[in-house]
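Subject: Structure handover

Hello,

Please find the structure we spoke about below. My notes on it come after.

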Amino acid sequence: MNNKEFPQEAERIRKLMVSFDAAVWKRISASETMTIEELLKDDVYPKSAEETAVWNELTSPENREALHKFIAYHGENVHDYARKLNAALVKESDRRAGAKTGGANNGPPNSGI
């Protein structure tokens with residue numbers, strides 16, 4: 001992906017992240033017992049079908065490079081939940097990319113790791 005493509009790719013990833021957040025909030029607001037504090041303590045993996053569909057799109061091998069760039073661009077200056085979510089997304093994206101290529105793929109895209 002060259003730099004001219006990044007803004008378009010970043011916008012696509014941003015929209016998927018917003019969709020994931022919306023699906024999580026939809027599940028939480030439907031719950032009579034879950035609180036924000038529980039969400040922040042809870043793991044970040046998808047629980048509903050809607051969350052899973054967005055998660056699978058975000059972590060697809062085709063989105064791996066754009067996802068890595070998007071998360072790197074936003075850096076570590078995010079709250080704890082976002083940091084945990086970003087780490088989980090990167091880990092799953094790397095796992096899926098490795099499974100697609102038949103090998104380990106633990107480093108950032110184009111890193112040679």
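The notes below go from the overall fold to single residues.

This is a predicted model, in which local features need pLDDT of at least 70 and side-chain atom pairs count only at pLDDT 80 or more, while totals for chains, interfaces and linings use all residues. Residues are numbered from 1 along each chain as its sequence is written, and side-chain values use heavy atoms, with hydrogens and water left out.

Overall fold

The protein has 5 helices and 0 strands, and its pattern along the sequence is α-α-α-α-α. Helices (H or I, at least four residues) and strands (E, at least two) are DSSP runs, numbered from the N terminus. Of the 113 residues, 36% are buried. Here buried means under 20% relative accessible area, exposed means over 50%, and partly exposed is in between, with a 1.4 Å probe and protein chains only. The accessible surface comes to about 7100 Å², and carbon and sulfur atoms hold 54% of that surface. These areas come from the Shrake-Rupley method with a 1.4 Å probe; for residues, only the protein chains shown count as cover.

Among contacts (heavy atoms within 4.5 Å) with a separation of 6 or more, 73% are between residues 24 or more positions apart.

The nonpolar core

A nonpolar core is a set of buried Ala, Val, Leu, Ile, Met, Phe, Trp, Tyr and Cys residues joined through side-chain atoms within 4.5 Å. The largest one has 20 residues, and Ile13, Phe20, Leu58, Leu85 and Leu89 touch the most other members. H1, H3, H4 and H5 are the elements that give two or more residues to this core. The most come from H1, which gives 7 residues.

What does Leu58 contact, leaving aside its neighbours within four places in sequence? The list is Ile13, Leu16, Met17, Phe20, Asn63, Leu67 and Leu89.

Aromatic pairs

Rings of Phe, Tyr and Trp (its six-membered ring) pair if their centres lie within 6.5 Å; planes under 30 degrees apart are stacked, over 60 edge-to-face, and the rest tilted. The count is 2 aromatic pairs. In one of them, the ring centres of Phe20 and Trp55 are 5.8 Å apart with planes at 45°, so this pair is tilted. Phe20 is in helix H1 (residues 6-30) and Trp55 in helix H3 (residues 49-58), so the pair ties together parts 35 residues apart in sequence. Both residues are buried: Phe20 has a relative accessibility of 1%, and Trp55 has 4%. Ring pairs also bring in Tyr45, giving a cluster of Phe20, Tyr45 and Trp55.

Helix H4 covers residues 64-74, and its buried residues are Arg64, Ala66, Leu67, His68, Phe70 and Ile71. Just after H4, Gly75 has a positive phi of about 60°.

Asp94 is in helix H5 (residues 80-101), and at 8% relative accessibility Asp94 is buried.

Salt bridges

How many salt bridges does the structure hold? There are 7, where a salt bridge is a side-chain nitrogen of Lys or Arg within 4 Å of a carboxyl oxygen of Asp or Glu.

- Glu11 and Arg14: the closest N and O atoms are 2.7 Å apart. Both residues lie in helix H1, 3 residues apart, or about one turn of the helix. Glu11 is partly exposed at 31%, as is Arg14 at 36%.
- Lys26 and Glu50: the N to O distance is 3.2 Å. This pair links distant parts of the chain, with Lys26 in helix H1 and Glu50 in helix H3, 24 residues apart. Lys26 is exposed at 53%, whereas Glu50 is partly exposed at 38%.
- Arg83 and Asp80: the closest N and O atoms are 3.0 Å apart. The two are 3 residues apart in helix H5, about one helical turn. Arg83 is partly exposed at 30%, and Asp80 is exposed at 57%.

Regards
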